[in-house]
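Hi,

Here is the structure I promised to pass on. Have a look at it first, and my notes follow below.

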Amino acid sequence: MTVDLLEQFAGVCLSEADESCGGVGRKCTLHKHAVIEDVPLKQKIFSVIEKVCPPHCILATNTSTIDLNIIGANTISKDRIIGAHFFSPAHIMPLLEIVRTEKTSAQAILDLMAVGKAIKKVPVVVGNCTGFAVNRTFFPYSQGSHILVNLGVDVYRIDAQIANFGLPMGPFQLQDLTGYGVAVAVGKEFGSAFSDRTFKSPLIDLLIRSGRNGKNNGKGYYIYEKGRKPRPDFTVLPFIEESRRLTNIMPGGKPISVTDQEIVEMILFPVVNEACRVLDEGIVGQASDLDVASVLGMSFPSYRSVCLSSFGNQQSFDDPPY
């Protein structure tokens, strides 16, 4: 939906709601939108809703990545802006990441926590930055996997080792599940915010241009058929080879040799480092908050602990020398 269409649609809906429901728009106490990661669209939604909802109405967004200060840049009542980030699939994942800005009111936070508990979610309050607590911590996860693939490591071997570590699926099957459009949008946000430690792989763009969109259309790194488990789609290999040619990071043009343990470490050690940054910047109040959020939002294996508590909040690792 374009910004212009949004304004027309919102005007019609609010007008009809007022006529049929006794001015429901003006009685609303919580508005939450869940649209694509498009900054102008999200800004327009808040601008439109702010004009018709009462002064105490909370303005919540389900953005998974975009800094709330950017989304609320055109909004007057910045104390009402808050993040209500549900994790996919939302009807299964128990975490509700409540994102506060420096101007979000305490009442808005308390009200949203109450809503979270009422709908049987576990609310964790975190600070505002690109990606917030969980996605910010785990953005190197996808980065590391794409670096390894472009260094010549097999996609399905990477997925298998991460699954053996204890996550429900590997990074490439997860990318199939969430859809490539999400990966592109999120990648742009992280690339802009953390350009010093992001890697731009051409692989996803190559897959999109070939007509693939993961589980959404049944074609990705895996084949998806109703009633059957996902199985590797080896017709994706030429696109991987093209990505390797374009990035040209294999030493001497040859695939690197790594052990299974090294695959896990090269993907997860940078996650540990980012978790330390998140804690140091005060995005979470304590390491256990990030542990809980990562288990409930990312299905990180609880017996592993996540990134901080098990290392005494002191140790970080050197990022692998890619």
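How many aromatic pairs does the count come to? The count comes to 10 aromatic pairs, and please keep in mind that this is a predicted model.

Take Phe139 and Phe190 to start with. Their ring centres are 4.6 Å apart and the planes make an angle of 10 degrees, so this pair is stacked, as planes under 30 degrees apart count as such. Phe139 belongs to helix H5 (residues 134-150) and Phe190 to helix H8 (residues 180-193), so the pair ties together parts that are 51 residues apart in sequence. Phe139 has a relative accessibility of 6% and counts as buried. Phe190 is buried too, with a relative accessible area of 5%.

Next, Tyr156 and Tyr222. This aromatic pair is edge-to-face, with 5.3 Å from centre to centre and 80 degrees between the planes. Tyr156 lies in helix H6 (residues 155-165) and Tyr222 in strand S6 (residues 222-223), so parts 66 residues apart in sequence are tied together by the pair. Tyr156 counts as buried at 11% relative accessibility, and Tyr222 counts as buried at 7%.

There is also an aromatic cluster, formed by Phe138, Tyr141, Phe165 and Phe300.

H11 has 21 residues and reaches 31 Å from its first C-alpha to its last, close to the 30 Å expected at 1.5 Å a residue. Where is the kink in H11? You'll find it at Met266, shortly before the proline Pro270, and it is about 30 degrees. After H11 comes Gly282, which has a positive phi, near 75 degrees.

Last, the largest pocket. About 1500 Å³ of space lies in it. The largest pocket is lined by 50 residues, and Asn135, Thr178, Val182, Ala183 and Val186 are the closest to its centre. Which element gives the largest share of the lining? That is H8, with 10 residues. Strand S3 (81-86), H5, helix H7 (171-178), H8, helix H9 (203-209) and helix H12 (287-298) each supply at least two residues of this lining.

Cheers

Key:
Residues are numbered from 1 along each chain as its sequence is written. This is a predicted model: local features need pLDDT of at least 70, side-chain atom pairs count only at pLDDT 80 or more; totals for chains, interfaces and linings use all residues. Side-chain values use heavy atoms; hydrogens and water are left out. Rings of Phe, Tyr and Trp (its six-membered ring) pair if their centres lie within 6.5 Å; planes under 30 degrees apart count as stacked, over 60 as edge-to-face and the rest as tilted. Helices (H or I, at least four residues) and strands (E, at least two) are DSSP runs, numbered from the N terminus. Buried means under 20% relative accessible area, exposed over 50%, partly exposed in between (1.4 Å probe, protein chains only). The expected span of a helix is 1.5 Å times one less than its number of residues. The bend at a residue is the angle between axes fitted to the seven residues ending there and the seven starting there. On a 1 Å grid over the protein atoms alone, a cavity is a set of points where a 1.4 Å probe fits but cannot get out, and a pocket is an open set with protein on both sides within 12 Å along at least five of seven lines; lining residues have an atom within 4 Å of a point. Grid points are joined across faces, edges and corners, and a volume is the space filled by probe spheres set on the points.
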